[in-house]
Amino acid sequence: MNNMVIRIYDNFSHAEHARDALLASGFDAPDVQLTVNDDEAGAVEGNFAVGNGNYKDESYKNNYASAIKRSAFMLTVDVMDEAQQHRATDIMDKFGAVDVDSLTARSR
């Protein structure tokens, strides 16, 4: 089994601590990757849509009122077997990780 565990974080510090814990537990550095997907322009969804400013209009509220910032930090771990997968998952989840599969409604 050669698989990848993927978790996302809203907080860089939490993701970094999870990465450090994975390395301290024996995972090899090349197998543990922290990717920052942050954008200095602001929120990912709703950033460029300004609407007409009519806050009383229901369609404005639905389409423009709330910019949404998606989780910006992704931590991946290449695992060789089920035991490593469980160990990685336990460590990552201790630091507030979100399972990417839970966001896509994909079940196993």
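Which residue forms a salt bridge with Asp-99, and how far apart are the closest N and O atoms? I looked this up first.

**Entry: ground rules.** I am working with a predicted model, in which local features need pLDDT of at least 70, side-chain atom pairs count only at pLDDT 80 or more, and totals for chains, interfaces and linings use all residues. Residues are numbered from 1 along each chain as its sequence is written, and side-chain values use heavy atoms, with hydrogens and water left out.

**Entry: salt bridges.** The partner of Asp-99 is Arg-7, with the closest N and O atoms 3.3 Å apart. I took a salt bridge to be a side-chain nitrogen of Lys or Arg within 4 Å of a carboxyl oxygen of Asp or Glu. Arg-7 lies in strand E1 and Asp-99 in strand E4 (residues 98-99), so this pair ties together parts that are 92 residues apart in sequence.

I then searched the whole structure and found two salt bridges. Asp-93 also meets Arg-7 through the side chains, at 3.1 Å from N to O. Asp-93 lies in helix H3 (residues 82-93) and Arg-7 in strand E1 (residues 3-9), so this pair ties together parts that are 86 residues apart in sequence.

Asp-93 is partly exposed at 37% relative accessible area, and Asp-99 is partly exposed at 25%. My cut-offs were under 20% relative accessible area for buried, over 50% for exposed and in between for partly exposed (1.4 Å probe, protein chains only).

**Entry: helix H3.** I counted 12 residues in H3 and a reach of 16 Å from its first C-alpha to its last, close to the 16 Å expected at 1.5 Å a residue. The expected span is 1.5 Å times one less than the number of residues. Gln-85, Ala-88, Thr-89, Ile-91 and Met-92 are buried in H3. Seen down the axis of H3, these buried residues fall within an arc of 165°, so they line one face of the helix. The arc is that of the directions from the helix axis to the C-beta atoms. Glu-82 and Ala-83 are exposed, on the face of H3 turned away from its buried side.

What covers the buried residues of H3? The cover includes E1, helix H1 (12-24) and strand E3 (73-79). Contact here means heavy atoms within 4.5 Å.

**Entry: Thr-76.** I placed Thr-76 in strand E3. Thr-76 counts as buried, at 10% relative accessibility. Leaving aside neighbours within four places in sequence, I found Thr-76 in contact with Met-4, Val-5, Ile-6, Asp-31, Val-32 and Gln-33.

**Entry: whole chain.** The secondary structure of the protein chain comes to four helices and four strands. From the N terminus on, I read the elements as β-α-β-α-β-α-β-α. Of its 108 residues, 22% count as buried. Among contacts between residues at least 6 apart in sequence, 78% join residues at least 24 apart.

Key: Helices (H or I, at least four residues) and strands (E, at least two) are DSSP runs, numbered from the N terminus.
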